[in-house]
Amino acid sequence: MAKPLQIEVHNPNGKYRVISTKPMPGTRWINLLIEQDCRLEICTEKKTILSVEDILALIGDKCDGVIGQLTEDWAETLFSALSRAGGKAFSNMAVGYNNVDVNSATKYGVAVGNTPGVLTETTAELAASLSLAAARRIVEADEFMRAGLYDGWLPHLFVGNLLKGQTVGVIGAGRIGSAYARMMVEGFKMNLIYYDLYQATRLEKFITAYGQFLKANGEEPVTWRRATSMDEVLREADLISLHPILDKTTYHLVNKERLSKMKKEAILINCSRGPVIDEVALVEHLKANPMFRVGLDVFEDEPYMKPGLADMKNAVIVPHIASASKWTREGMATLAALNVLGKIKGYPVWSNPNSVEAFLDEKSPPPAACPSIVNSKALGLRISKL
């Protein structure tokens, strides 16, 4: 018999049994659940990624809802087990849900929650951080210093790229892509070229107004342009940040052919989804073009990297930490818990999942609603009028 997983129990006599497959930041989410008569069991097993078998053991014979992670495989096996245990709610502690078979969840009557509305600025900030780290070769210089190799200033030592006045390219100008663009334009006076299926009207107005402000103060105005194709952005931008969704049309969106269209000293940033880039082609491109740089927060076969990537001095690589600010991660935990709690309590679904401030205000009780249920329409769930 398999050894039982380690768990931490809160409110053991609670009416509703809720499982969290991982400890999550903050305590508000815990308190919100136990105040509503939930028995909360948090898996504390020292295992980075739980298997399907592990989660089946956690669900057991009676379970009202589960808070899970994007590293877990939530498909028919788990949703059928959750349904048999009486569960009607699952929430990812993430805005993305590529790990979830939503159709299977709907088939078994399980609501699937996610946590949008709290990741925009923090993800954009990490993309901006990677942009600076790659442009100014900060990681290389840090390693150089720690190795004790610095013996005096030299004219050519770690010469990088100036961002001011250069062109930033954004592929996917939704909430995160637009926030990143604003940071780079306003912070570094970069010009923008972007590609998106939809016009980013608010972003365009912002940059136009900022350009007018600069001109009125005797400075060179910034500009923006909406490209007619992604390849146009790749050819013209000095710094490119990827912010598309991941689906069959964006898998390997950046491949060998498209990498070859970029400038030799361009910088490529990805904080969206790993499979958007053909990582094997990227490694070869980095080898062949030592002045080309990349900053990556996500990887094609996460948590693994393709062979050779870790050896590239012109790559800045971090372990999927775009949402890892304290406020954001605690907010994600709160939203995930409230998705599960709301479904258990029979609450309606919040009308705008990208406007969740009311759920995060610690001075007031959260609205009686599920913040974001991605299959609410398929399940015929009510929409809140709050």
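Predicted model: local features only at pLDDT ≥ 70, side-chain atom pairs only at ≥ 80, totals over all residues.
## Strand 2: burial

Strand 2 spans residues 16-20 and is mostly covered, with 5 of its 5 residues buried. In a regular strand the side chains alternate between the two faces of the sheet. Here Tyr16, Val18 and Ser20 lie on one side, while Arg17 and Ile19 lie on the other. Both faces of strand 2 are covered, and the residues on each are all buried, Arg17 and Ser20 included.

## Strand 2: pairing

Strand 2 pairs with strand 3 (residues 38-43) in the parallel sense, over 5 bridges. Within this pairing, Tyr16 has Cys38 of strand 3 as its bridge partner. The chain passes from strand 2 to strand 3 by way of helix 1 (residues 28-35), and this β-α-β crossover is right-handed.

Strand 2 is also joined to strand 4 (residues 65-68) by 3 bridges, and these two strands run parallel. Opposite Val18 stands Gly65 of strand 4.

## Helix 2 and helix 3

Helix 2 covers residues 52-59 and helix 3 covers residues 76-84; their axes come within 10 Å and cross at roughly 5 degrees. Angles under 35 degrees count as roughly parallel, so helix 2 is roughly parallel to helix 3.

Helix 2 contributes Val52, Ile55, Leu56 and Ile59 to the contact, and these meet Thr77, Leu78, Ala81 and Leu82 of helix 3. By class, the contact has 7 nonpolar residues, 1 polar residue and no charged residues.

Methods
Residues numbered from 1 in each chain as written. Heavy atoms only, no water. Axes fitted to C-alpha atoms, helices over the stretch in contact; angles between N-to-C directions. Helix = DSSP H or I, 4+ residues; strand = E, 2+ residues; numbered from the N terminus. Parallel < 35°, antiparallel > 145°, perpendicular 65-115°, else oblique. Contact = heavy atoms within 4.5 Å. Nonpolar A, V, L, I, M, F, W, Y, C, P; charged D, E, K, R; others polar. Buried < 20%, exposed > 50% of the residue type's maximum accessible area, 1.4 Å probe, protein only. Pairing = 2+ DSSP bridges. Right-handed = clockwise from strand over helix to strand, strands pointing away.
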